[in-house]
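Here are a few notes to read alongside the structure. Keep the 3D view open and go through the points one by one.

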Amino acid sequence: MESRLKKMLSTPVSSLASDLWSGLEAEEQLGILIFSLPSAGKIGVPVSNVDEILPVSPLHFMPAVPDYILGVMIWHLEIIAVVDIEKLLRISSPGDSKMARFLIMHWEESVFALKVPAVSDIVTISAGRMHKMPASAPESSRTHCFQGYLEMDKETISMLDLKELVKTAAENI
Amino acid sequence: MIELATVSLLKFKIPRLRCAVDAQLVQEIVPLASDTPPISFIDLADRLGIYTEKKAYRKLIILQSVCGQSVPVGVLAEEIEGIEDFPQTALRRLPTLVAANTKSPLPIGFLLAEESFYLLIDGEALADAQEP
């Protein structure tokens, strides 16, 4: 029997949807927020999925969750999970940096904070500059969270696949 | 006038956490002492995977079992903060990523009221979680 509190809370299950830039024309402009992971290079996410960039602040402890969920925070009266991207992607981290930020992001019904070591830049590029990940890329928890890349100023920016990221975070128990 | 649904919650402390449970399920709160009635205890902190040496349990919250056994169960608490009525709007569900990842069925949401932040515990699941 469902408890009274559970009924009051009635948690909906989020659905996951499609590609980041499918359906975009090559000349369409796309805002990209770039952040750096010291041991994995530069990573991009669509600005349209970023709601806010916040300095790192103390979190509320959340028990019985995997280590990549650092805790929960209150954001605009909602309680959201804070995910450490380095722990989720199993990338070793040199430790906390003063430049670390919380990116408040949304994907479908999921709103969450992504802790990143540093935000580098926000750029506008045409969708045609995006390349799909090569089919030869090795399958791992890290690579399947990226859906493509772009070359910029002799640097490669890997584009995070938010759909896969949320899916990985929800399944990676 | 629209009447908001309210819920009466018992607020209490366990190591590292402030929790709240449906007060309707609370039968009695007794001090933890040598003459505490013989009853099966649940260490909620242990059930939530919180391991700490610093446990200072002083109270026992006796919850009535709602289904199956009619035997009540005791939940260890460090401190009782009291029973208070809250509107439904003070309740928050677990974030999607937490709900999908939690290793325990006991946390079901949060109580968020002014400065208060409590983990809502499913008292019915807790009351029925005792070992046979």
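**Notes on the fold and its packing**

1. Start with the order of things in chain A: along the sequence, the pattern reads α-β-β-β-β-β-α-β-β-β-β-β-β-α. That gives chain A three helices and eleven strands. Keep in mind as you look around that this is a predicted model.

2. Now some overall numbers for chain A. It has 173 residues, and 46% of them count as buried. Its accessible surface is about 8700 Å², with 52% of that belonging to carbon and sulfur atoms. If you take the contacts in chain A with a separation of 6 or more, 59% of them come from residues 24 or more positions apart.

3. Next, have a look at strand β5 of chain A, residues 78-84. How many of its seven residues are buried? Six are, so the strand is mostly covered, taking buried to mean under 20% relative accessible area. Strand β4 of chain A (residues 69-75) pairs with β5(A) in the antiparallel sense, over six bridges. Within this pairing, Trp75(A) sits opposite Glu78(A). The hairpin made by β4(A) and β5(A) has two residues between the strands, and there His76(A) takes a positive phi near 50°.

4. β5(A) has another partner to check: it runs parallel to β7(A), and four bridges join the two. One bridge pair to find is Asp84(A) with Lys115(A) in β7(A). A handy thing to remember while looking at strands is that in a regular one the side chains alternate between the two faces of the sheet.

5. Stay with Lys115(A) in strand β7 of chain A for a moment. Is Lys115(A) buried or exposed? Lys115(A) counts as buried because its relative accessibility is 11%, and the cut-off is under 20%. Setting aside neighbours within four places in sequence, the residues in contact with Lys115(A) include Val56(A), Leu70(A), Val83(A), Asp84(A) and Ile85(A). Asp96(A), Ala100(A), Arg101(A) and Phe102(A) are also among its contacts.

6. On to helix α3 of chain A, residues 162-171. Its buried residues are Leu162(A), Glu164(A), Leu165(A), Val166(A), Thr168(A) and Ala169(A). What covers them?

7. As for Leu44(B), leaving out residues up to four places away in sequence, it touches Phe12(B), Ile14(B), Cys19(B), Val75(B), Leu106(B), Ile121(B) and Leu126(B).

8. Last, chain B. Which order do the strands take in its open sheet of four? The order is β3-β5-β6-β4, with mixed pairing. β3 (26-31) and β4 (41-42) of chain B are the edge strands, each pairing on one side only. β4(B) pairs with β6 of chain B (residues 73-77) in the parallel sense, over two bridges. Here Ile42(B) stands opposite Val75(B), and Val75(B) is also one of the residues touched by Leu44(B).

Notes: Residues are numbered from 1 along each chain as its sequence is written. Chains are lettered from A and ligands numbered from 1 in the order in which they are written. This is a predicted model: local features need pLDDT of at least 70, side-chain atom pairs count only at pLDDT 80 or more; totals for chains, interfaces and linings use all residues. Side-chain values use heavy atoms; hydrogens and water are left out. Buried means under 20% relative accessible area, exposed over 50%, partly exposed in between (1.4 Å probe, protein chains only). Contact means heavy atoms within 4.5 Å. Accessible areas come from the Shrake-Rupley method with a 1.4 Å probe; for residues, only the protein chains shown count as cover. Two strands pair if DSSP finds at least two bridges between them.
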